[in-house]
Amino acid sequence: MDISRRKFLKIGAAAGGSAACAVAAKAEARNARQPEPQWYGMLNDSTRCIGCKACMVACKKENKLEAESTLGEKEALGEQLYDAPRALSEHTYTLIKMHGEGEQEKTFVKAQCMHCVDPACASACIVGALKKEDNGAVKYDAGMCMGCRYCMVACPYSVPQFEWHRAIPSIRKCTLCSETRLEKGKPTACAGVCPAGAITFGRRSELIKIARARIDAAPEIYLDHIYGEQEVGGTGVLYLTKKYVAFAGLGLGDFDYKPVSGLTESIQHRIFQYFIPPIAVYSILGGIMAYNQRRKHNAGIEGGDDEY
Amino acid sequence: MNIKALPLRHRFWTPNVAVLLFFMASGVVFAYFRFFHGFASVTNLNPAYPFGIWIAFDVACGVALAAGGFTTAAIVEIFGRHKYHALVRPAILTAFIGYFLVGLAVFFDLGKYYNIWHALVYWNGTSVLFEVAWCVMLYLTVLAIENLPNVIEQFRGKVALPGFLSGLNGPTDWLLGKADGFCRRTMAFFVIAGVVLSFGHQSSLGTMMLIAPYKLHELWYTPLSPLLFLTSAVSVGIPMVVFEGTLAAKFFGRKPETELLAGIAKYIPLFLGTYLLLRLGDLAYRGVLATAFDGSLQGNAFLLEFALFAVPYFVLKRRRSRQNPTLLFLCSLSVICAVVLNRFNVFLIGMDMGPEYSYFPSVGEWAITFAFIAFGVLLYKIGVNYLPILEEEH
């Protein structure tokens, strides 16, 4: 008993060890995806935004989205009188929020899908319903979607929204007006109406140059950092902020420069690399099983006890 | 060894079954609203908590708690500990029921449930969920095949379909014979495949939430998470066998398999020790142990989780406590709770998606979850009642 027990431990350790190596081996850094020159994006300059919310109205019109009210008139009157969304939702693809605590200077900042260079939602989606388009937009295909909401977990900006009130719900989010305007050669609806020049539409590569030029021209106004140039591997929507207002205070996380899907993708890649680890585990277990069966067989022929 | 498993053939309609049916019926009522009036009519899910108890318990815990199947199969069939043979059939049946319910729960949780087959057709290899889905589907198939011999044993040679279907008796019997031959020749292949597939998706469930580095608490955000999920699932395998075995003995009025359970329980501290070593090593290596004592909800949840893992380890290390059925049952329960709390921590409690929302499961979510559990218990009862699962008392 003692010997077989030790053997069991040894064999178990070998099998466990090989599995552990497969899983825990230092995750190989996946090649970072590079932004392509033809990708469109937007530059949101929070120093210029006056908080008029014209972009929100334009977005609702363009995408035919329902008004949202925090006052609950819909129940009383049968329709919304005010459009006062508090957060991104299935009815609100973009949102102007005012930031700045207490006596601090107030800053208006726009939130919407960041159209990441290496989108976490696209990496997470089980069926590939979310994809990076050739024009730079991260596009959602409702027909393919299963409604698992893993994209909502994955997105570091918590952008994708779910239709909680519908029997057959879809994911909703900013489309960069990809189909309704970009393909017709027009800029996004929000950028088109901004009266303060706070939203600039264009090629991502051009936008970085514009942003850089603005910072260089007025270093006393701008913080010397273009948010989204590198964060989470780069985003299609870029931000500028006031010199003394941190991006984190505007709801733009202080994120690393690598895509959030880097770890999951390298672990997955490791576990299933050419199917070697699963096949190895299979072979080890098969070997142990064959060994034990032969031993049992031999014990049987020699008239030994079945319960060796 | 030569003891034969037999159907229990107990009376089916007992008060317990009525209780189970009550839970299932209440689940059906809420399911109506979920399917016809949207998630908002039943659940407390919100933009910050897209995954609720249906994922955290019905899926994440369901998969982990079905680990009794592959651990028992591995110990008995692969590592050749045939004296625990009597535990294999109930464990495999429970695993099959568990995974069947996981599949059903996913169906309830998917917004576009009718697209569930898309996982078969549209492949996105970068998605952890894709891997989980495939492993679960394949393992469910394997479990069905592993359960097939029970059905064959029960019905082969005595197929008696009612009424006009009696003409099919011959063909059905022929089919069972074919299946019998197939099973006999290939069972070894499927037993190992079941273990490998379990390794695959148990660990991948641990990879899932690693896609949210800025949302998952650092106590659980670790590259070692897949291995921790796998080892904790292995650790909970035998406790589940003990738990189910003890309850089945109590409810079916059978003699408890004290000796057998005490014997196989000696592997629990081995597996638990491995898990605890990895867990502590990881926390120490990453230097985050201090955050466990900061008094936050997450810190306390971690401490409770860890205690539930560690106490049974020390108790069950002693041979005498393993032979005490009450202590063994309580320790097994502790490991089960530990794994459940761990999955809750990773999928819900440890997830911070911003200050604007909080989440606590609604009555409807609980009701549907309880309905699943009740359905599982009922299926188990049907299984052991009409199929040769449990061995004769000796």
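Q: How many helices and how many strands are there in chain B?
A: This is a predicted model. Read along the sequence, chain B follows the pattern α-α-α-α-α-α-α-α-α-α-α-α-α-α. The count for chain B is therefore zero strands and 14 helices.

Q: What percentage of the residues in chain B is buried?
A: A residue counts as buried when its relative accessible area is under 20%. Chain B has 394 residues in which to apply this cut-off. The buried share of them is 60%.

Q: What share of the accessible surface of chain B belongs to carbon and sulfur atoms?
A: The accessible surface of chain B comes to about 16,300 Å². Of this surface, the share that belongs to carbon and sulfur atoms is 71%.

Q: Which residues of chain B lose the most area to chain A?
A: The contact takes 70 residues from chain A and 71 residues from chain B. Between the two chains, about 6,000 Å² is buried, and carbon and sulfur atoms give 67% of that area. On the side of chain B, three residues that together make up 13% of what that side buries lose the most area: Phe79(B), Ile211(B) and Tyr214(B).

Q: Is helix α3 of chain B largely enclosed by the rest of the structure or largely open, and how many of its residues are buried?
A: Helix α3 of chain B covers residues 68-78. Its buried residues include Gly68(B), Phe70(B), Ile75(B) and Ile78(B).

Q: Which residue just after α3(B) takes a positive phi?
A: The position in question lies just after α3(B). The phi there is about 70 degrees, and the residue is Gly80(B).

Q: Is His269(A) buried, partly exposed or exposed?
A: His269(A) has its place in helix α8 of chain A, which covers residues 262-271. Buried means under 20% relative accessible area and exposed means over 50%, with partly exposed in between. At 42% relative accessibility, His269(A) therefore counts as partly exposed.

Q: How far apart in space are His269(A) and Cys52(A)?
A: In sequence, His269(A) and Cys52(A) are 217 residues apart. In space, the distance from C-alpha to C-alpha is 47 Å.

Notes: Residues are numbered from 1 along each chain as its sequence is written. Chains are lettered from A and ligands numbered from 1 in the order in which they are written. This is a predicted model: local features need pLDDT of at least 70, side-chain atom pairs count only at pLDDT 80 or more; totals for chains, interfaces and linings use all residues. Side-chain values use heavy atoms; hydrogens and water are left out. Helices (H or I, at least four residues) and strands (E, at least two) are DSSP runs, numbered from the N terminus. Buried means under 20% relative accessible area, exposed over 50%, partly exposed in between (1.4 Å probe, protein chains only). Accessible areas come from the Shrake-Rupley method with a 1.4 Å probe; for residues, only the protein chains shown count as cover. Contact means heavy atoms within 4.5 Å. Buried area is the accessible area (1.4 Å probe) that two parts lose on being put together, summed over both.
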